[in-house]
Amino acid sequence: MDGFAWVDAWPPIGRRRRVATVAAAGLVLAREIRAAGDGPPETRAGRDGLALSAKETLGAGDYNPLIFRVLDGGQGIGPGQALEVEEGDPLPAGADAVLDPEHAERSGDRLEVLQPLAAGEGVVPVGCEWRLGEALASAGSVLRPQDLARLDSVRQAGLIPSFIESLPYRSEV
């Protein structure tokens, strides 16, 4: 195949189409995608466990368990209270750490904390995954599944559109 035939085999650059972000694996991105805000947009639990105030766990240990009451639900916690959370859940008001259940003993709504926590432990802070204006994908790049996973998490936060513009990949011609 000569050079002209090789170039002619490629699709025209101007042919773009809108594709759902989650279905764009293997496509070539027509325009750069930038985040419209920090992400995650709120502080979240970084693991499954119990959300509580870290300063209240100071001094906790096997021989000095600190007692907390586990709430059934709600949006926040008060002194001596904890709330069960799953990884990715927004952190409840009043909590600044997530305790690994292995470091506590629980019986009903009674929780014995056996290890002190530092503020921010087990937590995913605002903006740690992407920042406002950050380039998330470059124009001309072939979108891989791992790229789409990141773009989908940004999309779910409402910081990029649900559709992207793509150029056809050579195998689609």
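Start by selecting Thr-21: at 0% relative accessibility, this residue counts as buried (buried means under 20% relative accessible area, exposed over 50%, and partly exposed in between, with a 1.4 Å probe and protein chains only). Before you go on, note that this is a predicted model, where local features need pLDDT of at least 70, side-chain atom pairs count only at pLDDT 80 or more, and totals for chains, interfaces and linings use all residues. Residues are numbered from 1 along each chain as its sequence is written, and side-chain values use heavy atoms, with hydrogens and water left out.

**Around Thr-21**

Thr-21 is in the loop between β1 and β2. Strands (E, at least two residues) and helices (H or I, at least four) are DSSP runs, numbered from the N terminus. Contact here means heavy atoms within 4.5 Å.

**The three-stranded sheet**

Next, select β1, β13 and β2. They form an open sheet in the order β1-β13-β2, with antiparallel pairing; two strands pair if DSSP finds at least two bridges between them. Which strands stand at the edges? Those are β1 (17-20) and β2 (28-29), each with a single partner strand, so one side of each has no neighbour in the sheet. Zoom in on β1 and β13 (residues 163-167), which pair over four bridges. Pick Arg-18 and you'll find Glu-165 of β13 opposite.

**The largest pocket**

Which strand gives the largest share of the lining? That is β13, with three residues. Colour the lining by class and you get six nonpolar, no polar and three charged residues. In this scheme Ala, Val, Leu, Ile, Met, Phe, Trp, Tyr, Cys and Pro are nonpolar, Asp, Glu, Lys and Arg are charged, and the others, Gly among them, are polar.

The structure holds 10 salt bridges, each being a side-chain nitrogen of Lys or Arg within 4 Å of a carboxyl oxygen of Asp or Glu. Here are some to click on.

- Glu-165 and Arg-31: their side chains meet at 2.2 Å, N to O. This pair links distant parts of the chain, 134 residues apart, with Glu-165 in β13 and Arg-31 in the loop between β2 and β3 (33-34). Glu-165 is partly exposed at 24% relative accessibility, and Arg-31 is partly exposed at 49%.
- Arg-131 and Asp-38: the N to O distance is 3.1 Å. Arg-131 sits in the loop between β11 (123-124) and β12 (135-137), Asp-38 in the loop between β3 and β4 (44-45), and they are 93 residues apart.
- Glu-134 and Arg-150: the closest N and O atoms are 2.9 Å apart. Glu-134 is in the loop between β11 and β12 and Arg-150 in helix α2 (residues 145-156), so the pair ties together parts that are 16 residues apart in sequence.

**A cis bond and a glycine**

Back in the loop between β3 and β4, select Pro-40. A cis peptide bond joins Gly-39 to Pro-40, with omega about 0°. Most peptide bonds are trans.

Then jump to Gly-120, in the loop between β10 (110-113) and β11. Gly-120 counts as partly exposed at 40% relative accessibility. Leaving aside neighbours within four places in sequence, Gly-120 is in contact with Asp-96 and Ala-97.

**Last stop: β7**

Finish with β7 (residues 81-85), a mostly covered strand: four of its five residues are buried. How do β5 (residues 49-52) and β7 pair, parallel or antiparallel? They run antiparallel, over three bridges, and Ala-51 stands opposite Leu-83. With β6 (residues 66-71), β7 pairs in the parallel sense over three bridges, and there Val-70 stands opposite Ala-82.
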